[in-house]
Amino acid sequence: MAAGRAEPADRGFYVYGIVGTERPELTGVTGVDGRSAVFMHEEDGLGAIVSEVPLAEFGEDALRRNLEELSWVAEKVRAHEDVLERAAREAPVLPLRFGTIYRSLDGLRELLTKERGQLATTLEELRGKREWGVKCVIDRERLGQAVHATDPRATQLAEAAEGKPTGTAYLGRKRLERHLGARADELATRLTTAAHERLAAVAHRAVSEGNAQLKAAYLVEEARDNEFRQALEELGREYEPFGIRFELTGPWPPYSFVGERTA
Amino acid sequence: MNDPRGAYLATPGSTTVERGTSNLADVLERVLDKGIVIAGDIKVNLLEVELLTIKLRLLVASVDRAKEMGIDWWEHDRALSSGAAPELEERLARIEAALGVGSEEDRAPEQVPDDGRRSG
């Protein structure tokens, strides 16, 4: 019930995320405009995390202009993330993509009512789970050396090129390079696929965008956090001789697991 | 410990948790590209935002760092990647054919380097 709240034409309502029956404490949290207080707009058992924004900065035209300002975007995106992180520490949150702005709370009210079932279901699934990001960094040189050392065909090609006339040796080296490159790609893909499977086995859900270069997000139950981190550390040790290192980020609000849906 | 992501900085072994610029890239990627899309009253052109993400990524990262982060689209673009240029592959195949099998290809001779021709 926000009937008493003034909705002047020069202000909009920026929405960060949606929470269910568990409510995070938002006292003292400042919104993306750097001034306005973040508050909870409640509707039918759901809560939207909202703050007022000046349309001079977040109106359609202003937003289009500001999106060209890299420093502006970096600052606002961080502010958006800070609000959600703060909330996600205390309650399951559905994070919204940057720039969801209503002119009045009527539209927001309508959305929460209309999408109630779906939003509540997703919130229930996210309870007690957090998103972790994992990327792998590949040192191509070390990977190449590892391939060279273990691949019989590479040794054969290297030997074949030895003691040959310059031109033949050059071609031999080229052939070897191409062979090693292809084998390195194969090996990297195999290893990172295996890594993803092992991490996904500990996670409730997993998404991967990577090919040879693992780039994935894992939704992990808090109770299994240690197991997940242990799996990652094991992988780090096992893959170290191949020049493959893992980078872990998080915990994140579950951006990668709320789906891309337009309400 | 204000930032929960900082808590794991000292992870042993070869697994690290990154902060700073790469972390900004991670934040941008999630906040701009992921999360629920709900049509508010103010329309943001998400395509513009996506283009912007790329610009930002390149801004916050050197090319090498970008590659480490898995941003390597230019490497898959043959027009931008000399290593994978098809004409080089073709040329190599022709040289190999001329040397290995010894059959004379019509357009091969001017493509074969001097030392290569002597050995053939």
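**Figure 1. Helix 3 of chain A in a predicted model.** The 19 residues of helix 3 (residues 70–88) of chain A should span 27 Å at 1.5 Å a residue; the end C-alpha atoms are 26 Å apart, which agrees. The expected span is 1.5 Å times one less than the number of residues in the helix. Helices (H or I, at least four residues) and strands (E, at least two) are DSSP runs numbered from the N terminus. Buried residues of helix 3 include Trp72(A), Val73(A), His80(A), Glu81(A), Leu84(A) and Glu85(A). Buried means under 20% relative accessible area, exposed means over 50%, and partly exposed lies in between (1.4 Å probe, protein chains only). An α-helix has 3.6 residues a turn, so residues three or four places apart point the same way.

In this predicted model, local features need pLDDT of at least 70 and side-chain atom pairs count only at pLDDT 80 or more, while totals for chains, interfaces and linings use all residues. Residues are numbered from 1 along each chain as its sequence is written, chains are lettered from A and ligands numbered from 1 in the order written, and side-chain values use heavy atoms, with hydrogens and water left out.

**Figure 2. The largest cavity.** The structure holds one cavity of 30 Å³ or more. The largest cavity contains about 180 Å³ of space. On a 1 Å grid over the protein atoms alone, a cavity is a set of points where a 1.4 Å probe fits but cannot get out; a pocket is an open set with protein on both sides within 12 Å along at least five of seven lines. Lining residues have an atom within 4 Å of a point. Grid points are joined across faces, edges and corners, and a volume is the space filled by probe spheres set on the points. Sixteen residues line the largest cavity; Lys215(A), Ala216(A), Ala217(A), Glu29(B) and Arg30(B) lie nearest its centre. Strand 6 (129–138), strand 7 (205–208), strand 8 (215–221) and strand 9 (244–252) of chain A, with helix 1 (21–33) of chain B, each supply at least two lining residues. The lining has four nonpolar, four polar and eight charged residues. Ala, Val, Leu, Ile, Met, Phe, Trp, Tyr, Cys and Pro count as nonpolar; Asp, Glu, Lys and Arg count as charged; the others, Gly among them, count as polar.

**Figure 3. Arg30(B) beside chain A.** Arg30(B) lies in helix 1 of chain B. Its relative accessibility is 9%, so Arg30(B) counts as buried. Leaving aside neighbours within four places in sequence, Arg30(B) contacts residues including Glu131(A), Trp132(A), Ala217(A), Thr249(A), Trp252(A) and Gly35(B). Contact means heavy atoms within 4.5 Å. Arg30(B) and Ile42(B) are twelve residues apart in sequence and 21 Å apart in space, C-alpha to C-alpha.

**Figure 4. Strand 8 of chain A and its partners.** Six of the seven residues of strand 8 are buried. Strand 6 and strand 8 of chain A run antiparallel, joined by seven bridges. Lys129(A) stands opposite Glu221(A) in strand 8. Strand 7 also pairs with strand 8 in the antiparallel sense, over four bridges. Here Val207(A) stands opposite Ala217(A). Two strands pair if DSSP finds at least two bridges between them.

**Figure 5. The second largest pocket.** About 320 Å³ of space lies in this pocket. Its lining counts 20 residues, with Ala88(A), Arg89(A), Lys129(A), Arg130(A) and Glu222(A) nearest its centre. Helix 3, strand 6 and strand 9 of chain A each supply at least two lining residues. Strand 6 gives the most, with three residues. By class, the lining has ten nonpolar, one polar and nine charged residues.

**Figure 6. Val258(A) after strand 9.** Val258(A) lies in the segment after strand 9 of chain A. Val258(A) is buried, with a relative accessible area of 6%. Not counting residues up to four places away in sequence, Val258(A) touches Leu94(A), Pro95(A), Leu126(A), Gly35(B) and Ile36(B). Val258(A) and Leu126(A) are 132 residues apart in sequence but 8.9 Å apart in space, C-alpha to C-alpha.

**Figure 7. Backbone details in chain A.** A cis peptide bond joins Gly250(A) and Pro251(A), with omega about 0°. Pro251(A) is found in strand 9. Asp44(A), a residue other than glycine, has a positive phi near 55°. Asp44(A) sits in the loop between strand 2 (38–43) and strand 3 (46–54). At 48% relative accessibility, Asp44(A) counts as partly exposed.
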